[in-house]
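I am opening my notebook for a new entry and will write down each thing as I look it up.

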Amino acid sequence: MNARSLRAFAALCISLTALGAAAQEDGVLDSAVVRNRLYKPAGHPELSLSVGLPVQTYLTAHYFFDVGLAYNLFDTFAVEARAGFAASRHTGLARSISESFLDREDKRVTDELEDLWRMNLHGVIGARWAPIYGKISLVADIPVHFQTYLWVGGGLGNLKRESVIQCTQVVDRAAGVCDNRTAVDDRGSATENYWVKETRVAPVVSAALGFRFFVKEQHGIRLELRDWIFKDSYRVNLQRDEWEAGNPTGEPAGSPGLTHLVQFDLGYTYSF
Amino acid sequence: MRPFRSIALLVAAVPALAFAQGAAPAQPPATPGAPASVGPETTAPSSTSPGEPPERSRTQRDAPAVPQATPETPAAPPAPRPGPGTSSSDDDDAAAPAPTGPTSGIAPADAPVLESPESGEAPRTTDAQQQRLVNGAPLYNPNVNVHIVQKKRFADEGKHELVLYPGVVQVNGKFTNHVGSALHYVYHLQENFALQVGGQYNWYSDESDFNLELIDKVREQAQAASSLLLQWGAHAGVEVTPLYGKFAFFNNSLAQFSLVLSGGAGVGKTRHLIRPKVANEVDGQTYQVPARFGDTGNKFLGEVGGGFRVQFGESYAIRLEVRDLIYTARVDKVDGCNLGDFEALEAARAANQPFDGLSLSGSCKVAKFDGVDPETKKNYREDIILGRDLVAEPSSDVLNNVSFYAGFSMLF
């Protein structure tokens, strides 16, 4: 995150939070309005399934498939464990960069690109705080009850990285081929590629803002905007001659920053 | 790390929701024109217990006009038997067990009660607590079927709304970043339909760090049309509010909100980065040269969006919306100069000739590519080749500038 982003975010947070606190001190509203909430999850465990789609893609795209087990300590607070798998891929932009950079020999020294780690298996434990309970009037006669919640937690993720710069065995520089495809134009025939690969297990933090719409007593639909955050890692000052000879090159970046995978999650919840 | 700003701002919107519900003043009487949306409305009785706190008193004062109870009246007249409108509980109106026996509370004359227990029917409801009004509704009364989403408290029809969005932050900026402010005027023609006009000025618009990273590390960058920057935009259109609702924060306070959907069309002014900020070294002295942008003209603008309007009081609201400004981008001129102009300029620059006698198109602002900046000593002629690169391969794209709008409005 650059300094400009940080300043903007901090200013917005402070202003909104301060306004909210000041307003709530006024206490001008009557208490107890949406009373006798129909759905009281307190004391109930629940099982959830969710699918996450990327909100914005840069060099990678992720598709999350998660299972969650939660226990509602109160109507407004729950603890939840989530685990799952993320199918991931390089975007077309990343592939285009990898193909063209093979032939860009005027760039002999460079740095690896940021945010190329891809998550697959992952598990997190977190807290869900749902201070808002409400109801909307849908098509005039159908009231829909919902909760709005914040979710914060942490865990571990299994990460992999495939470079789009370092090819250890250039097959066809002009065509941008760095794999064992049988024909230049047939990318699908490749069974192995020669891009530098790395794997690691890293701490992961996850945060989400979501809505849970109640469907009868035991079912629910969840819509979330969820961010998966982990520390990035890449190398800098890479020498083309070295990586094309298959030798390690460069050194780790001093302050690689954080990688954010922002997803739109659609989920189903069954409450026991 | 790039989407950090996006999700951070969305998460930061939660305190704004708290602000909306926390700052809501006591509700005024329901506007007669406001339509009911869910189920029948039960007429709410009013009580005037002197021992109630000031807040209660204010609520009673603001409650919908109903026949006032006489304080001395010990009990309500016989109430009708529970009928369809009162006996069947609404989904979230599970009635608490009614007390039996006499109560000391003061009940209004028109308080709905059941038959006495002696008659074998349900007990009489005269407890003051059960007669208490909450936002104009006897929510504690087990005999009253109160629908949670009853009636819009504030009618919009015929009202004007002025909306200021101090913060408009682009959330899908792969190659561009925009931050600005917007001002909209909305006239609510009907309860659920409004006309709107608005303008937006992006006081920060630049290429993204991601694009600059690609340029720096792999000598790649987005096509000119894909990284076009929007300086300002103006549009007119319509807004609809297909549904509304309310929510409680920790069961303590209420906020009313509407889902708003909008669409419109207009025009926007665009520009493109020609040269990022650089350091210029002249005679052993280093000058910081700010980034330079080239004018790429006005473009047709489409707008679609949606979000929430959280109303507090009759005259104020907070709006949290996401809007997509859509514009077609074709970059074949920069500062009015096309490829032929740039090639003529570049040839003259290489030959160190003046630009005066060149045959250029009428729109080409040749002065922007000639001379030396007196402060930074930057020779503008060095930017000619950069401008030419932008138009050398004319590119076109349809850009979606999706931004998060956080603002507040005043209705009058």
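I began with a hairpin, which joins strand 1 of chain A to strand 2 of chain A through 5 residues. The strands here are DSSP runs of E with at least two residues and the helices are runs of H or I with at least four residues, both numbered from the N terminus. I then looked up how strand 1 (residues 45-54) and strand 2 (residues 60-72) of chain A pair, and the sense is antiparallel, over 8 bridges; two strands count as paired if DSSP finds at least two bridges between them. Across this pairing, Leu47(A) stands opposite Leu69(A). Strand 1 of chain A also pairs with strand 12 (residues 258-271) of chain A, in the antiparallel sense and over 9 bridges, and there I found Pro54(A) opposite Gln263(A).

I noted where this comes from: it is a predicted model, in which local features need pLDDT of at least 70 and side-chain atom pairs count only at pLDDT 80 or more, while totals for chains, interfaces and linings use all residues. Residues are numbered from 1 along each chain as its sequence is written, and chains are lettered from A and ligands numbered from 1 in the order in which they are written.

Next I turned to chain B, where a hairpin through 5 residues joins strand 1 to strand 2. Strand 1 (residues 160-170) and strand 2 (residues 176-190) of chain B pair in the antiparallel sense over 8 bridges, with Leu164(B) opposite Leu183(B). Strand 1 of chain B has a further antiparallel pairing, over 8 bridges, with strand 10 (residues 395-411) of chain B, and in it Val163(B) stands opposite Ser409(B).

I wrote down the make-up of each chain. Chain A has 3 helices and 12 strands, and chain B has 6 helices and 10 strands. Buried residues make up 33% of the 272 residues in chain A and 42% of the 412 residues in chain B. A residue is buried if 20 or more other C-beta atoms lie within 10 Å of its own, exposed if 12 or fewer, and partly exposed in between, with the C-beta atoms placed from the backbone.

Is Arg222(A) buried or exposed? I found that Arg222(A) counts as buried because 22 C-beta neighbours lie inside 10 Å. Arg222(A) belongs to strand 8 (residues 219-231) of chain A, and its C-alpha atom is 4.4 Å from that of Arg212(A), 10 residues apart in sequence. Leaving aside neighbours within four places in sequence, its contacts include Ser48(A), Ser50(A), Asp265(A) and Thr269(A); a contact means that two C-beta atoms, placed from the backbone, lie within 7 Å.

For contrast, I looked up Glu105(A), in the loop between helix 2 (92-102) and strand 4 (109-110) of chain A. Glu105(A) is exposed, because there are 10 other C-beta atoms within 10 Å. The C-alpha atoms of Glu105(A) and Arg240(A) are separated by 8.3 Å, although these residues are 135 residues apart along the chain.

Last, I checked confidence, given as pLDDT, the predictor's confidence in each residue from 0 to 100. The mean pLDDT of chain B is 71, and 62% of its residues reach 70 or more. In chain B, confidence is lowest in helix 2 (residues 54-62), at a mean of 37, and highest in strand 1, at 94. The model scores ipTM 0.77 and pTM 0.68.
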